[in-house]
Amino acid sequence: MNPDFTGRTAIVTGAAHGLGRAISIAFAGHGASVWACDVIEDELLETQKLSRAAGGACTARACDVRDKDAVQRFVKDASSAAGRVHVLVNNAGGVLGQVGRPLEEVTPAAWQAIFDVNLTGAFHFSQAVAPGMKAARSGRIINISSGAGLGAPKDSGSSSNASRSGASARPRTSRGACSSSRPIRPGGSPARCSRSTAASD
Ligand SMILES: NC(=O)c1ccc[n+]([C@@H]2O[C@H](COP(=O)([O-])OP(=O)(O)OC[C@H]3O[C@@H](n4cnc5c(N)ncnc54)[C@H](O)[C@@H]3O)[C@@H](O)[C@H]2O)c1
């Protein structure tokens, strides 16, 4: 398969490293104009460099997905520069540095920290791109979920698992905003801990 994204704009969240970086490079390599965001600026700039080297355009900007106003500004700038956003990949998040622990040991703060990024962050971005996709009667929202949202993994990462169940369900609530909204559930690749949004407890 060799998709051509020339003339298409794709936003990728959580693009400083890991899957987000790989997704950004892949879109750029297939001709897309990528708008990449993360909270880790130095590594985000490396993603920008690698995406441009892959052959596409890439604009990397710091943006915290938990900050609704910042997300609105990011999408507005991407839409103004490119005409409109064709694809949104809600990838930011993961376990945010938390370690798996039994449910009864998960603090409310740790639970909330995961949901703020994994679910609310994706909500902010999906809500921001929805008007443009609706007006164009076309668009794609891809939610990076997890197989953990479907079962009970060994590490008892209850907050992440629950938030990923939500991410898997979210496409059903996004229908109508875009022509396609779907979850992707990776599993098993090495993940790094987010530096700036990891819960400390
Ligand atoms: N790696 C795996 O095996 C695996 C398995 C299942 C699901 N996933 C999902 O795939 C996605 C990416 O995973 P990964 O392994 O590349 O993780 P990762 O930790 O390498 O990347 C996540 C990125 O999100 C960014 N991020 C965190 N908080 C943010 C915020 N508030 N605003 C903006 N960006 C923020 C981090 O800085 C980081 O760059 C996650 O949503 C994760 O849940 C990964």
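**View 1. The residue after helix α1.** Helix α1 is followed by G31, which has a positive phi, near 95 degrees. Helices (H or I, at least four residues) and strands (E, at least two) are DSSP runs, numbered from the N terminus. The model is predicted: local features need pLDDT of at least 70, side-chain atom pairs count only at pLDDT 80 or more, and totals for chains, interfaces and linings use all residues. Residues are numbered from 1 along each chain as its sequence is written.

**View 2. The span and buried residues of α1.** From its first C-alpha to its last, α1, with 12 residues, reaches 17 Å, close to the 16 Å expected at 1.5 Å a residue; the expected span is 1.5 Å times one less than the number of residues. Among its buried residues are G18, I23 and F27. A residue is buried if 20 or more other C-beta atoms, placed from the backbone, lie within 10 Å of its own. The cover over the buried residues of α1 includes β1 (9-13), β2 (33-38), α2, β3 (57-62) and β4 (87-90).

**View 3. The packing of α1 and α2.** The axes of α1 (residues 18-29) and α2 (residues 41-53) come within 8 Å and cross at roughly 30 degrees. Therefore α1 is roughly parallel to α2 (angles under 35 degrees count as roughly parallel). Axes are lines fitted to C-alpha atoms, for helices over the stretch in contact, with angles from 0 to 180 degrees between N-to-C directions. In this contact, R21, S24, I25 and A28 of α1 meet T47, L50, S51 and R52 of α2; two residues are in contact if their C-beta atoms, placed from the backbone, lie within 7 Å.

Note on methods. Parallel < 35°, antiparallel > 145°, perpendicular 65-115°, else oblique. Buried ≥ 20, exposed ≤ 12 C-beta atoms within 10 Å, placed from the backbone.
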